[in-house]
Amino acid sequence: MHFIRHIFFVSCLLLLPFMVHSSPVVDINAADSETLVDLLDGVGPQKAMAIIRYRQENGLFKTVDGLTGVKGIGKKTVEINRSRIKEITPQAAAK
């Protein structure tokens with residue numbers, strides 16, 4: 001029994017990095033305001049609506065750094081959330 005517990009413990013330790021690192025990813029060119037608020041740090045309802053308004057008025061974001069064009073979103077907010085934002089492909093930005 002002790003051996004089985006030991007194997008289980010070691011297995012959990014080996015899988016931990018995969019469980020921790022798999023955070024949700026948001027598509028800033030398609031997400032609604034609720035999704036933006038839920039998945040991005042430092043983005044509340046007003047900033048989420050500003051992102052959507054910016055998208056509607058200026059077209060899709062061509063890069064993640066394009067978020068800095070939204071009033072209230074700075075480089076720090078982009079860097080904090082970079083790993084949570086889906087990579088923007090040239091095909092997706094061209095639509």
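This is a short chat about a predicted model of one chain.

Q: How much of the chain is buried?
A: Of the 95 residues, 24% are buried.

Q: And what share of the contacts comes from residues 24 or more positions apart?
A: Counting contacts in the chain with a separation of 6 or more, 47% are between residues 24 or more positions apart.

Q: Switching to Arg55, where is that found?
A: Arg55 is in helix α3, which covers residues 45–58.

Q: Buried or exposed?
A: Arg55 is buried, and it has no salt bridge.

Q: What is Arg55 in contact with?
A: Setting aside neighbours within four places in sequence, Arg55 contacts Ile28, Asn29, Ala30, Ala31, Leu60 and Phe61.

Q: New topic: how many cavities of 30 Å³ or more are there in the whole structure?
A: The search finds 1. The largest cavity holds about 40 Å³ of space.

Q: Which residues line the largest cavity?
A: Its lining consists of Leu40, Val43, Ile51, Leu67, Ile73, Thr77, Val78, Asn81 and Ile85.

Q: Which helix gives the largest share of that lining?
A: Helix α4, residues 75–81, with 3 residues.

Q: What does the lining look like by class?
A: The lining of the largest cavity has 7 nonpolar and 2 polar residues, with no charged ones.

Terms used: Residues are numbered from 1 along each chain as its sequence is written. This is a predicted model: local features need pLDDT of at least 70, side-chain atom pairs count only at pLDDT 80 or more; totals for chains, interfaces and linings use all residues. Side-chain values use heavy atoms; hydrogens and water are left out. Helices (H or I, at least four residues) and strands (E, at least two) are DSSP runs, numbered from the N terminus. Buried means under 20% relative accessible area, exposed over 50%, partly exposed in between (1.4 Å probe, protein chains only). Lys and Arg count as positive and Asp and Glu as negative; His and the chain ends are not counted. A salt bridge is a side-chain nitrogen of Lys or Arg within 4 Å of a carboxyl oxygen of Asp or Glu. Contact means heavy atoms within 4.5 Å. On a 1 Å grid over the protein atoms alone, a cavity is a set of points where a 1.4 Å probe fits but cannot get out, and a pocket is an open set with protein on both sides within 12 Å along at least five of seven lines; lining residues have an atom within 4 Å of a point. Grid points are joined across faces, edges and corners, and a volume is the space filled by probe spheres set on the points. Ala, Val, Leu, Ile, Met, Phe, Trp, Tyr, Cys and Pro count as nonpolar, Asp, Glu, Lys and Arg as charged, and the others, Gly among them, as polar.
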